[in-house]
Amino acid sequence: MDNERTARDCKVLETMGRIFCKAHHSGEKDSSGLCPSCRETVEATLARTAVCPFGHEGNCQDCAIHCQRVEAQERIREIMRYAAPRMALRHPLM
C-alpha cells in the first residue's frame, strides 16, 4: 500500500507542477510539461518525502520536523496554493 500511496502522491504532485508551470513559466519544458525549475522542485520534494522518518504519513505541514529547506517549502507551497483549487476542475478523480 505504501508504494501505491507514494506513486499516487508522485503523480498528483507532478500534475500540480504542470498546472502551475503552464500558467507561470514560458519557455523550454521537458516531456512532462515542466520547466527545469519546477522539475527540480518536484523531484526534490519527492526525494525528501521518500526518506521521511515518519513514512510520509499525513501532511508535511503538520509534521514536528521539516525534511525540506525553507526555500523548497515555500516553492512547493506556492505551487500547491495555485494548483490545488484547479485540480478539482481539471483532474476531479485525483
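A charge sits over a ring if NZ of Lys or CZ of Arg is within 6 Å of the ring centre and within 35 degrees of the ring normal. The legends below describe close-up views of a predicted model.

**View 1. R86 and the ring of Y82.** The charged end of R86 is placed over the ring of Y82, at 3.7 Å from the ring centre. Y82 is partly exposed, and its relative accessible area is 22%.

**View 2. The aromatic pair F20 and Y82.** The structure contains 1 aromatic pair. F20 and Y82 form this pair in an edge-to-face arrangement, with 5.9 Å centre to centre and 80 degrees between the planes. F20 belongs to helix 1 (residues 2-24) and Y82 to helix 3 (residues 70-90), so the pair ties together parts that lie 62 residues apart in sequence. F20 is buried, with a relative accessible area of 2%, whereas Y82 is partly exposed at 22%.

**View 3. The largest nonpolar core.** This core comprises 15 residues, and M16 and C38 have the most contacts inside it. At least two residues of the core come from each of helix 1, helix 2 (36-50) and helix 3. Helix 1 provides the largest share, 6 residues.

**View 4. Contacts of M16.** Leaving aside residues up to four places away in sequence, M16 touches I79, M80, A83, A84 and M87. M16 is also one of the residues with the most contacts inside the largest nonpolar core, together with C38.

Methods: Residues are numbered from 1 along each chain as its sequence is written. This is a predicted model: local features need pLDDT of at least 70, side-chain atom pairs count only at pLDDT 80 or more; totals for chains, interfaces and linings use all residues. Side-chain values use heavy atoms; hydrogens and water are left out. Rings of Phe, Tyr and Trp (its six-membered ring) pair if their centres lie within 6.5 Å; planes under 30 degrees apart count as stacked, over 60 as edge-to-face and the rest as tilted. Helices (H or I, at least four residues) and strands (E, at least two) are DSSP runs, numbered from the N terminus. Buried means under 20% relative accessible area, exposed over 50%, partly exposed in between (1.4 Å probe, protein chains only). A nonpolar core is a set of buried Ala, Val, Leu, Ile, Met, Phe, Trp, Tyr and Cys residues joined through side-chain atoms within 4.5 Å. Contact means heavy atoms within 4.5 Å.
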